[in-house]
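Hi everyone, thanks for making time this morning.

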Amino acid sequence: MLPIISGIQQIGIGVADANEAFKWYRQHLGMDILIFEDVAEASLMKHYTGGQAEKRHAILSLNLKGGAGLEIWQFKNRRPQSNTSILAGDLGIFCTKIKSDNVRASFRFLKEKGVKPIGDVSKTPEGKEHFFFQDPFGNIFEIVVSKDWFSSNRFHAGGSVGCIIGVSDIDRSKKFYQEILGYDHVVYDRDDFFDDLSTLPGGENKIRRILLRHSEKRNGAFSKLLGESEIELFQAVNRKPKKIYEQRFWGDLGFIHLCFDVHGMKALKEKCALYGSAFTTDSSASFGMGEAAGHFSYIEDPDGTLIEFIETHRLPILKKFGWYLNLKTREPRKSLPSWILKALRFNRVKE
């Protein structure tokens, strides 16, 4: 069986205080559904943490309106290192995209909450409204318009719809994201000075940018909830970019990985190896994350940006009543019924 990619499951964010960050993302982005919370040693990630297993506090939360979640990640026995000079086009995840059904309403909401946008609402090369803002922890987000929703709630926006990733050779990276992750549709490919990027750090420089989407509808247990997604690649044209995580660890401050929900890890491992992107980390079997469990692995894009795959085996739906979903016995291409996914609302963390 061919591997199944259900969608982007979450974006990993390294923070100094996981509880503080979780509260901020609940209040400002509606990421209030707690999937798991866990404190443990990340022993399988030693390859990316200087050869030493680091203790960490991890929280996975999502917005039930639809889209990918955020995995909030904090070192417990090490002070995380920052990079305060990240520019558009630097190598790695520069920005996380958050979807909204009304970009201007999101702009007003965040301003009223005291968030200072980076510039005003502008239009992408596709002609759609968007804007950027920075969270209190130094991470840049982009609010983009979407018509793809799982459910409705009181929040102005939904979950994540993708990332902006800096690359050194955009044609090589485009091939990677097309062949391995299925982002085969090129929405635009432009090489210019862009007005809509001009207020970003480094956005005044010449950039080649490519927006990729998937033409095939995603399948799998969580495909309804995770929805459609996109990857935007930035290549600095008139300067030499730096690696965002140069001489820093996975888990240090910033966007640490892009994670996909998958099924068929063995087949996916073979596919990645075929395309020259062998697994660098592989849990090999079910691995516990708090009350959830699954098989996880990592590969790197051509510039070393970390791509995580998770095959979910066990998911808490109603923890209070002991309802845990066993996904190992389900037909893998079929989405979970909406009523089961909507039952995740009982895991909402209220203020």
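Let's start with helix 3, whose buried residues pack against strand 9, strand 10, strand 11, strand 12, strand 16 (292-300) and strand 17 (306-318). Before I go on, please keep in mind that this is a predicted model.

Which residues of helix 3 are buried? Helix 3 covers residues 170-179, and the buried ones are Ile170, Ser173, Lys174, Phe176 and Tyr177. These residues cover an arc of only 160° around the axis, so they sit on the same side of helix 3. If you look at the spacing along the sequence, there is a general rule behind this: an α-helix has 3.6 residues a turn, so residues three or four places apart point the same way.

Eight strands form an open sheet with mixed pairing, in the order 6-7-8-5-9-12-11-10. At its edges are strand 6 (117-123) and strand 10 (185-192), each of which pairs on one side only. From one strand to the next, the twist averages 20°.

Strand 11, residues 207-213, and strand 12, residues 230-236, are antiparallel partners, joined over seven bridges.

Arg56 lies in strand 3, residues 54-62. Is Arg56 buried or exposed? Buried is the answer, because its relative accessible area is 3%, and the cut-off for buried is under 20%. Arg56 is also 20 residues from Lys76 in sequence, yet their C-alpha atoms are 5.0 Å apart in space.

Finally, let's step back to the whole protein. We have six helices and 18 strands, and 58% of the 351 residues count as buried. The C-alpha trace spans about 55 × 45 × 45 Å along its principal axes. For 351 residues, a compact globule would have a radius of gyration near 20 Å, and the 19 Å of this protein agrees with that. Among contacts with a separation of 6 or more, 71% come from residues 24 or more positions apart.

Definitions and conventions. Residues are numbered from 1 along each chain as its sequence is written. This is a predicted model: local features need pLDDT of at least 70, side-chain atom pairs count only at pLDDT 80 or more; totals for chains, interfaces and linings use all residues. Side-chain values use heavy atoms; hydrogens and water are left out. Two strands pair if DSSP finds at least two bridges between them. Helices (H or I, at least four residues) and strands (E, at least two) are DSSP runs, numbered from the N terminus. Axes are lines fitted to C-alpha atoms, for helices over the stretch in contact, and angles run from 0 to 180 degrees between N-to-C directions. Buried means under 20% relative accessible area, exposed over 50%, partly exposed in between (1.4 Å probe, protein chains only). The arc is that of the directions from the helix axis to the C-beta atoms. Contact means heavy atoms within 4.5 Å. The radius of gyration is taken over C-alpha atoms; the globule rule is 2.2 Å times the number of residues to the power 0.38.
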